Amino acid sequence: MLLIKNGLVIDPSQNLCEKKDILIKNKKIEWVKSKITVDAECDIIDAENCIVAPGLVDVHVHFRDPGFLYKEDIETGAKAAAKGGFTSVVLMANTKPVADNEDVITYVIEKGRQTDIKVYTCAAVTKGMAGKELTDMELMLACGAAGFTDDGIPITDEKLLETAFRETAALGVPISLHEENPSLITNHGINKGKASKHFGIGGSPREAEISLIARDLEIALKTGAILNIQHISTKEGVECVRKAKQKAAQNGNGNIHAEATPHHFSLTEEAAIQYGTLAKMNPPLREEEDRLAIIEGLRDGTIDIIATDHAPHSKEEKEKPVTEAPSGIIGLETALSLGVTKLVGEQGFTHLQLLRCMSTNPAKLYELNAGTLAIGAPADIVIYHPEKTWTAKDYLSKASNSPFTGLKLQGVIQYTIVNGKVVYKA
């Protein structure tokens, strides 16, 4: 047994924000009460001055396994996740080979079971992520896939995508889309504007995202698909989602979700100018108006999920010229602290609002048994000190490609607990 005492228990699934004790027994939450005393032998965590919340859930991560183990693997990715307070993660399908067949899905799930956290994976929407032929979706689900995505490669064939929407709608699982029209982009990862001018390159215009978001929301409303718009970066994209959600609520014919990353609510294209390839990602960092629109989208529920898009790359890769270096940054170990610093500290969010986007809502999207401290639920818990500060460094990920390194952040994770077992302790 494990007893967590004296913490401020925040559980968005129950709208709970009270000082309580939590008793864990047989990997599950046994009691949540004002004062718990036990006679039997029991480990005790004193969570005085800390927040005790459902373990974080990240529905957009890359562990690069199989195929790119020099960047990350499932074991090191899981350790980084645990340090970041994440108890469940959903992996993307752009591995090598692509997660479009039973062997890769089974490999990832089995390797994930050997870690201290809960590792799920999406399957690819299209075979080889080539955008030409759909995978066998029923088979992928049968062997354990949580949903579908070609993340990293937008699907340009509208008829094929509509078929995929109808299939996933019938199966009742989410389809998550990377929304950037490649025909409009000259150079990925850098915003077309001040940043692209600085580097003397073409860049990625906002229209590349806006056009695909608008197209895919329309298809989702028509088909009733469970659509997740990934890593939204533009104010117009946020507004498109807002209007689509209003239509869906009126007509009952859609299930729309949207993600924001910590880097998109924390940084602008100025960071790309300052940090170069360490702040290069797809979609790119954009303007201050876009950052503020994303924050407002999170505030009013238009954007219901915060996801890291944890994308590790080697130091050598990121040291290449801006037009050659890969896009993406790591994010698991800094995500909660960026939420506390940038949303709670600077924008007046409550911890309940933040945790709803980082735990309860992402768990709901994939119908995971997570994101709650209800009695009988798995004892997946994060304990963090909301006032303490730390400097971002010394990552457990294999990679260190982050513009946040060296930044002083508020919110320090003290414990991560999975199935009642402490898997990370500060």
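**Exercise 1: The largest pocket**

The lining of the largest pocket comprises six nonpolar, 12 polar and five charged residues. In this classification Ala, Val, Leu, Ile, Met, Phe, Trp, Tyr, Cys and Pro are nonpolar, Asp, Glu, Lys and Arg are charged, and the others, Gly among them, are polar. The model is predicted: local features need pLDDT of at least 70 and side-chain atom pairs count only at pLDDT 80 or more, while totals for chains, interfaces and linings use all residues. Residues are numbered from 1 along each chain as its sequence is written, and side-chain values use heavy atoms, with hydrogens and water left out.

Task: State the volume of the largest pocket and the residues closest to its centre.

Solution. Step 1: the definition is needed. On a 1 Å grid over the protein atoms alone, a pocket is an open set of points with protein on both sides within 12 Å along at least five of seven lines, a cavity is a set where a 1.4 Å probe fits but cannot get out, and lining residues have an atom within 4 Å of a point. Step 2: grid points are joined across faces, edges and corners, and the volume is the space filled by probe spheres set on the points. For the largest pocket this gives about 520 Å³. Step 3: among its 23 lining residues, Arg64, Asn94, Gly152, Asn282 and Ser327 are the closest to the centre.

**Exercise 2: The cavity**

Task: Determine how many cavities of 30 Å³ or more the structure holds, and what lines the largest.

Solution. Step 1: there is one such cavity. Step 2: the volume of the largest cavity is about 50 Å³. Step 3: its lining consists of His62, Phe63, Arg64, Asp65, Leu91, Met92, Asn94, Thr95 and Val108. Step 4: by class, these are four nonpolar, three polar and two charged residues.

**Exercise 3: The second largest pocket**

Task: Identify which helix gives the most to the lining of the second largest pocket.

Solution. Step 1: this pocket has a volume of about 200 Å³. Step 2: helix 1 (74-83) and strand 16 (421-425) each supply at least two lining residues; helices (H or I, at least four residues) and strands (E, at least two) are DSSP runs numbered from the N terminus. Step 3: helix 1 gives the most, with four residues. Step 4: the lining has five nonpolar, two polar and four charged residues.
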